[in-house]
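Trainee: Could you take me through one part of this structure slowly, the place where the two chains meet, and then show me how that part sits in the rest? I would like one connected account.

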Amino acid sequence: MAGQDSTSLSGWGRYPSVDTFIDRPESRASLLQAVQNSGGTNSSGAGSGDLLARGKGRSYGDAAEAACGQTVLMEKLNRFMAFDSETGLLRLEPGVTIAEILQTFIPKGWFSPVVPGTKFVTVGGAIAADIHGKNHHRDGSFSNFVTRFWLLTAAGEIIECSRIQNADIFWATIGGMGLTGIIVEAELTLSPIESSYISYKSIRADNLTELMGLFDQHEERHHYSVAWIDCLAQKNSLGRGVLLLGDHAKLTDLPEQLKNHPLTLKPDKQVTVPFDMPSSLLNRYTMSTFNSLFYAVKTNQEKIADYDSYFFPLDAIGSWNRMYGKAGFIQYQCVIPPAASKQALTEILNACSQKGWGSFLAVLKRFGSKTCPSNTSLSFPIAGYTLTLDFPVKASLIEFTRKLDELVISHGGRVYLAKDACLTPETFRTMYNANFENWRQIKHKIDPDNVFRSALSQRLEIN
Amino acid sequence: MNNKTVLILGATSGIAKATAQALAAKGYGLHLAGRDKSELEILSQDLSIRSGAKVSYSLFDVHNVDSHQQFFKDVLAQCGTIYGALVAVGELGDQILAQNDPTHAKRIIDANFTGVVSLLTPIANYLEEQRQGFIVGISSVAGDRGRQSNYLYGSSKAGLSAFLSGLRNRLAKSNVQVLTVKPGFVNTKMTFGKQGMFLVAEPEDIAKGIVAAIEKRQNVIYLPWFWFWIMKIIRSIPEPIFIRMKM
């Protein structure tokens with residue numbers, strides 16, 4: 001908006017911070033207006049300002065801010081447009097969050113087909129980052145359930161994109177980090193459930209070999225799987241952790257007292273971290289204690305949990321990102337192809353434990369073969385193991401992530417752009433090589449003046 | 001479902017949208033009214049998907065005073081009966097522009113006061129006859145005392161507050177609740193990106209307060225509650241001091 005001051009925005013990791021102008025349209029018409037104001041659709045002044053849509057800002061690094069340009073907050077464009085209760089086909093605006101989908105559709109017996117670690121992401125962001133959940137081995141990523149969407153392009157046109165119509169733009173937008181345009185409406189298929197509960201069991205593993213063996217042994221029979229790793233464990237215990245296997249509880253799985261209300265919603269109760277905690281609170285001792293405790297408590301038990309505590313334990317603490325203090329943190333998530341997984345994970349965990357840099361959260365999942373079928377997409381998941389680590393921002397962090405990048409590259413892996421704050425143009429290109437060149441041709445076609453830019457796309461020279 | 005329909009005037013405003021959602025969740029049916037047809041259509045679909053409520057909509061323009069009687073007749077024809085009405089029509093306008101351009105000043109007054117009075121006239125008469133129901137008017141803390149930064153908006157809201165007060169006095173014997181809502185700063189498109197905002201509340205919180213006040217059949221509420229005390233202090237500042245303050 002003319003005359004408005006710029007604002008400092010960052011992702012969930014609160015690093016880095018970016019100066020940007022913000023607008024928050026509340027209707028389709030004001031969205032078009034916002035895009036026009038930025039010069040996006042003005043043929044003579046095209047490129048006069050960068051433009052980028054932002055959902056709830058839950059990507060970790062700098063993916064959801066237009067540096068010095070116009071960041072369009074999409075959160076008020078969050079309306080459900082149509083729902084078919086026979087097929088689960090849902091048409092909605094991109095600002096709707098997974099939380100709103102669950103709130104509205106769990107009581108009707110439907111669930112989001114893919115949920116990430118937080119329910120506070122928008123559908124637009126979910127498509128742009130092609131998010132995954134604990135069910136990738138079975139269902140693939142979010143885009144597998146997206147049937148089509150309507151994209152507002154730099155030319156100011158709204159085009160329908162699907163696997164049939166404008167298929168190249170469809171795939172370039174999936175995992176495209178918002179750089180092909182702004183999604184104004186999307187259509188996806190929900191999954192039917194009998195209850196809002198998850199039956200899960202946890203199995204502990206004393207080292208990485210054992211943990212990976214557990215994945216092989218159990219994963220196929222379960223809808224959801226994820227492992228928590230104690231990343232400070234060394235030597236023979238390297239990679240010790242707990243594998244959590246879960247399935248949507250059927251009516252027959254529920255104890256009597258839950259059977260009468262199987263589709264209950266979890267009431268929204270949040271505690272918030274009200275201020276920035278001193279980052280020293282999360283040091284190797286507290287984290288090591290946390291990890292050991294977790295490791296000790298979760299022994300092979302079978303239980304029923306409500307969907308909220310199973311999928312989104314961290315959402316119960318609002319602003320948990322403030323636990324890392326003012327400087328912020330990064331989340332490092334990489335995926336390594338199956339053949340090299342064990343070697344790479346060993347090297348990465350070794351690097352962490354040698355440095356004494358435990359991660360408060362160290363999460364291991366496995367991506368299956370239902371990856372994005374297009375070779376023009378920047379979608380993150382490839383088959384293999386994916387490891388997620390948190391690190392508070394401090395002096396030698398970049399040096400350390402460079403080292404991790406080298407390890408990842410040497411094993412043919414890649415880093416998740418929705419979390420990234422540290423890659424360089426070179427490391428990015430090596431990781432996404434062939435697909436990036438193909439993607440780029442479509443970007444040039446749909447956005448020739450490179451109007452849609454983010455701080456991330458500037459940093460990685462994605463244009 | 002309680003088979004009671006609430007008419008929401010100015011349905012695309014932030015407070016109206018949130019309140020419509022809160023009312024729908026309580027089982028009320030809704031009739032949305034506003035200027036933007038495509039938005040009204042999207043909103044009514046969204047509300048009915050979220051809550052299963054029966055939602056219809058129609059168009060009106062607050063400035064087109066001559067059409068208001070007919071507008072309300074059409075609403076009644078469409079809905080059968082109306083149990084309550086929420087008026088969230090309003091325009092902040094541009095104070096500086098209004099000081100130099102009487103047309104803009106009139107526009108602000110019409111959007112917040114004259115037009116609202118015109119809209120509420122047939123509605124009040126109808127509810128008086130029904131001998132039940134409610135009228136909720138969204139006024140503003142800005143109407144409690146004129147300040148140099150927004151006294152055109154403020155004075156039109158002051159007018160609205162006085163109108164609602166009189167209406168409440170008249171309709172009390174007919175068992176019709178008239179609720180005056182005085183929100184402070186709310187995070188809506190009216191305030192987004194504006195300077196000088198503080199203690200900004202979310203529209204969902206305002207909506208919760210409105211629905212609770214309807215249920216408790218209250219008369220006047222400040223939302224959030226602390227604005228009652230803030231405005232009490234601001235009103236109590238003696239004029240000789242007040243005129244030298246920058247507010």
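Mentor: Two residues are in contact when they have heavy atoms within 4.5 Å of each other. With that in mind, and remembering that this is a predicted model, we can begin at the interface, where 16 residues of chain B are in contact with 21 residues of chain A. The area buried between chain B and chain A is about 1,600 Å², and carbon and sulfur atoms give 48% of it. Of the area that chain B buries against chain A, Ile49(B), Arg50(B) and Phe192(B) supply 43%, more than any other three residues.

Side chains of opposite charge can pair when their charged atoms come close. Across the interface of chain B and chain A there are four salt bridges, and in one salt bridge the side chains of Glu26(A) and Lys189(B) meet at 3.8 Å, N to O. The interface of chain B and chain A also holds eight residue pairs in polar contact. Which element gives the largest share of the side of chain B that touches chain A? That is helix H2 of chain B, residues 37–51, from which seven residues come. Sorted by class, the side of chain B that touches chain A has five nonpolar, six polar and five charged residues.

The buried residues are Ile98(A), Ala99(A), Glu100(A), Ile101(A), Leu102(A), Thr104(A) and Phe105(A).

Thr191(B) is found in the loop between strand S6 (177–183) and helix H7 (203–215) of chain B, whereas Thr5(B) is found in strand S1, residues 5–9, of chain B. Are they buried or exposed? Thr191(B) has a relative accessible area of 13% and Thr5(B) has one of 15%; because buried means under 20%, Thr191(B) counts as buried, and Thr5(B) counts as buried too. Not counting residues up to four places away in sequence, Thr191(B) touches Val186(B) and Met197(B). With neighbours within four places left aside, the contacts of Thr5(B) include Gly29(B), Leu30(B), His31(B) and Cys79(B).

Now step back to the rest of the structure. Chain A has 13 helices and 21 strands, and 61% of its 463 residues count as buried. The largest nonpolar core has 120 residues, and those with the most contacts inside it are Phe142(A), Phe149(A) and Phe391(A). Leaving aside neighbours within four places in sequence, Phe149(A) is in contact with residues including Ile127(A), Ile159(A), Phe170(A), Ile174(A) and Ile183(A). Apart from this core lies another, of 32 residues, among them Ile8(B), Tyr28(B), Phe134(B) and Val136(B).

Finally, let us return to charge. Over all chains, the whole structure has 31 salt bridges. In chain A, the side chains of Arg440(A) and Glu437(A) meet at 3.7 Å, N to O, and both lie in helix H12 (residues 425–446), three residues apart, about one turn of the helix. In chain B, Arg107(B) forms a salt bridge with Glu91(B), with the closest N and O atoms 3.2 Å apart. This pair links distant parts of the chain, 16 residues apart, with Arg107(B) in helix H5 and Glu91(B) in the loop between strand S4 and helix H4 of chain B. The side chains of Arg145(B) and Glu239(B) meet in a salt bridge at 2.4 Å, N to O. Arg145(B) lies in the loop between strand S5 and helix H6 of chain B and Glu239(B) in helix H9 of chain B, so the pair ties together parts that are 94 residues apart in sequence. Arg145(B) is buried, with a relative accessible area of 13%, whereas Glu239(B), at 45%, counts as partly exposed. Salt bridges that share partners also join Arg28(A), Arg79(A), Arg91(A), Glu93(A), Glu185(A) and Glu39(B) into one network.

Conventions. Residues are numbered from 1 along each chain as its sequence is written. Chains are lettered from A and ligands numbered from 1 in the order in which they are written. This is a predicted model: local features need pLDDT of at least 70, side-chain atom pairs count only at pLDDT 80 or more; totals for chains, interfaces and linings use all residues. Side-chain values use heavy atoms; hydrogens and water are left out. Buried area is the accessible area (1.4 Å probe) that two parts lose on being put together, summed over both. A polar contact is a pair of N or O atoms within 3.5 Å; within protein, one must be able to donate a hydrogen and the other to accept it, and residues adjacent in sequence count only if both atoms are side-chain atoms. Helices (H or I, at least four residues) and strands (E, at least two) are DSSP runs, numbered from the N terminus. Ala, Val, Leu, Ile, Met, Phe, Trp, Tyr, Cys and Pro count as nonpolar, Asp, Glu, Lys and Arg as charged, and the others, Gly among them, as polar. Buried means under 20% relative accessible area, exposed over 50%, partly exposed in between (1.4 Å probe, protein chains only). A nonpolar core is a set of buried Ala, Val, Leu, Ile, Met, Phe, Trp, Tyr and Cys residues joined through side-chain atoms within 4.5 Å.
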